[in-house]
Amino acid sequence: MKRAGLLFGAPLLLLLAVAMLPLARGGETLFLRDVANAHLEMKLAQASALARGFFPEIDPYRAGGQPLAGNPNAVPFYPDNLLYRAAAPPFWAFNAHFWIHLLLAPFAFLWLARAWGLSRASAWVAAGCYVVSGFFLSHLSFYNLIAGATIAPAFVAACLSWARAGGAARRSPAVAVLWALLLLGGDPLMAGLALALAVWALSLGGRAVPASAPSEIPSEAPAKPSRSFSWRPIGWWSAGWFLAAVGAGTLVAAPQLVEFLRILPLSFRGHWGYTAEVATVASWDPRQALEWLLPFAFGRPDVLGPGSFWGSRFFTDVPPYYLSLYPGLLALALVAAAGFPRARRRVALFAWGAVAAGLFVSLGRFNPLAARLFALPGAASLRYPVKFWLPVAIGGALLCGIGFERLFEGGEESDQAASSQGARKRFGFALGGLAGIFTAGWVVLALFPGAAGSALRRLIPADYTDAFVANERLRWAGLCLVSLAVLAALALAARLAFRRAGPSAAALGRS
C-alpha cells in the first residue's frame, strides 16, 4: 500500500513543486487580487518594523496609520512571520507563505481521508482533487485565507484521530496547535468553519474501539483489516479534553484575539456594520454552475482584452471573489461514482452533509433562508457567502476518494462487487453525459456561428465589442474540444484501470 501511495502521491507533489519553483527561487511573485493591493503592503510594513527590532501595532503607511497587530488580514502572529526576521528578502518570505501551504495541503487532506478510513491510494486521489481544484488554487490570491484552507482538513483529521484514540490526552496537543494556527491564519470565519466541520465529524464518529468489541452501532466497513474500527460516542471526560485542547489553542492565539477584539468596535464593520445587501455580495449564483464544466466560462480575471472577464452580472455585479470554482471533470465523475455507499455511510454522510450545508449558505442572496441569516444582527459582518464553499470543497474531495475506492477497490465479495459495478456504471454515465454536453456545445458553437454568437451577445454586456463576442464563441468552442479530449483520455485510462488496477488506476488518479 505504501508503494500505491507513492504511485499516486509522487506525481501530484512533483507537479506542485514544479509550479511553485519560480516562487521558491525568488524569480517571480504572486500579484492578483488582494495579494498586491492589500496584503503585500501590510507584510512589507511588518517586515520593516521587525527589521528595526519591534513588533508594529499599526501600519504607518496606510491612511495615516491603520491597525496591523489586531487586523487578521495582516496575519501578524502566524509562525512563518519568522521568515521576515531571517536574511531572506521580504518578497521571498511573502511568497513562501503561499508555496509552503500549497505543498503542505496534500498531506493535510491525506490525513483527513485516512482518518475516515479511506485506503492510501483513494486518500491521495481525494487530496489531489482538493488541492488542484479551482477553489483551493484561488487562495493563491489571498494571503489571509490560504493557511485556513490548508489547515482545516488537518484540524478535522486531528479531531478524528483524537476520538479514535478514545479522547486520549496525548493526542490533544495536535488539536490545540492546529486550532491555534487556524485562529492565527488570517480569517476567523475559516477557523469557525473548520470547527463546525470537526464537530460534525465527531458527532458522526466519536470514540473508536476495536471492531471485535461488542457495540450496538454497526461497524464502518474498513478499507483494510489493519484499520478495522467501530464507533461509539465520546464520553464527558473525553469531551472535556477536547474543550481543553480548543481552549489551549485559543490561549496561544490570545495576542491576536485580544487586539482584534480591542479594535473591532472602532472599525467600520464593528461600529456601523453592513446591510444584508452588502453582506451578501459574492453570493454563489446558480448560473455560475456553468463554470463547473468550462473553466473561466465568464472570462479570465487575470487577462485584459480578448478573453478577459465579462460576467459580473453573474457574480452579484462584482469581480469573482474566487477566481475559479472549477472542480475538474474527473472530480465530477468520481462524485457520481461515490453515491452513498452503505460501507462508507459515516464518511459519506459527513461529505454530503458538508456539501449541502456549504451550498446552502454560499447561495447567500439567492437563498431566502441564507439571506435571512446574513440579515441577523452581527451576521452581516461575515460578508461574502461564497467563502462558505470550504465545506463544499472538502466534502466533494472526500466523495472523490470514495468514488475512486468503489471503482477500483470494491473487492471480490458479492456485495462489494455489486457496489463496484454500480459505481462503474455511474462513472461511465457521468463521462458519457459530459461528453454529450461538450459535443453538443462544440457543434452549436463551431457549426452555427450566427445562432451561437447571438446567444452570447445577449449574455455579454453591450459595452463589449462584437469582435470580443466572436472571440468568446471561439474560446468556448476550444474549451469544449479540449474537454472532449480530456474525457477521452479519462475513459481510456478508466478502461485500462478496470482491467488492471495499479499503474493504470494511478494514471487515472493523476488525470
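Is Glu277 buried or exposed in this structure? Glu277 is exposed, with a relative accessible area of 53%, where buried means under 20% relative accessible area, exposed means over 50%, and partly exposed covers what lies in between, using a 1.4 Å probe and protein chains only.

Before I go on, a word about what we are looking at. This is a predicted model, in which local features need a pLDDT of at least 70 and side-chain atom pairs count only at pLDDT 80 or more, while totals for chains, interfaces and linings use all residues. Residues are numbered from 1 along each chain as its sequence is written, and side-chain values use heavy atoms, with hydrogens and water left out.

Let me stay with Glu277 and turn to its partner. Arg365 forms a salt bridge with Glu277, and the closest N and O atoms of the two are 3.2 Å apart; by salt bridge I mean a side-chain nitrogen of Lys or Arg within 4 Å of a carboxyl oxygen of Asp or Glu. This pair links distant parts of the chain, since Arg365 sits in the loop between helix H14 (345–362) and helix H15 (368–375), whereas Glu277 belongs to helix H12, 88 residues apart from it. When I say helix, I mean a DSSP run of H or I with at least four residues, numbered from the N terminus. Arg365 itself counts as partly exposed, at 28% relative accessibility.

Arg262 forms one with Glu259, with the closest N and O atoms 2.6 Å apart. These two residues are three apart in helix H10 (residues 254–263), and they are therefore separated by about one helical turn. Arg262 is partly exposed, with a relative accessible area of 44%, while Glu259 is buried, with 14%. The pair also takes part in a network of salt bridges that links Glu57, Glu259 and Arg262. The other example is Asp302 with Arg300, whose closest N and O atoms are 2.7 Å apart; here Asp302 counts as partly exposed at 34% relative accessibility, and Arg300 is partly exposed at 35%.

Now to the way helices meet. Two packed helices are described by the angle between their axes and the distance between the axes. The axes of helix H8 (residues 188–204) and helix H16 (residues 390–408) come within 10 Å and cross at roughly 45°; such axes are lines fitted to C-alpha atoms, for helices over the stretch in contact, and the angles run from 0 to 180 degrees between N-to-C directions. H8 and H16 are therefore oblique to each other, because angles under 35 degrees count as roughly parallel, over 145 as roughly antiparallel, 65 to 115 as roughly perpendicular, and the rest as oblique. Which residues meet at H8 and H16? Met190, Leu193 and Leu197 in H8 meet Leu390, Pro391 and Ile394 in H16, where contact means heavy atoms within 4.5 Å. The residues of this contact divide into six nonpolar, no polar and no charged, with Ala, Val, Leu, Ile, Met, Phe, Trp, Tyr, Cys and Pro counted as nonpolar, Asp, Glu, Lys and Arg as charged, and the others, Gly among them, as polar.

A second pair is helix H2 (residues 34–51) with helix H3 (residues 90–115), whose axes come within 10 Å and cross at roughly 120°. That angle makes H2 oblique to H3. On the H2 side the meeting residues include His39 and Lys43, and on the H3 side they include Phe91 and Phe94. The residues of the contact of H2 with H3 divide into eight nonpolar, one polar and one charged.

I will finish with some single residues. Asp285, in the loop between helix H12 (276–279) and helix H13 (329–338), counts as buried at 2% relative accessibility, and it touches Arg313, Phe314 and Phe366, not counting residues up to four places away in sequence. Phe296 is found in the loop between H12 and H13, and its phi is near 55°, a positive value in a residue other than glycine. Most residues other than glycine have a negative phi. Tyr384, in the loop between H15 and H16, likewise has a positive phi, near 55°. Finally, Phe429 lies in helix H17 (residues 414–447) and counts as exposed at 66% relative accessibility.
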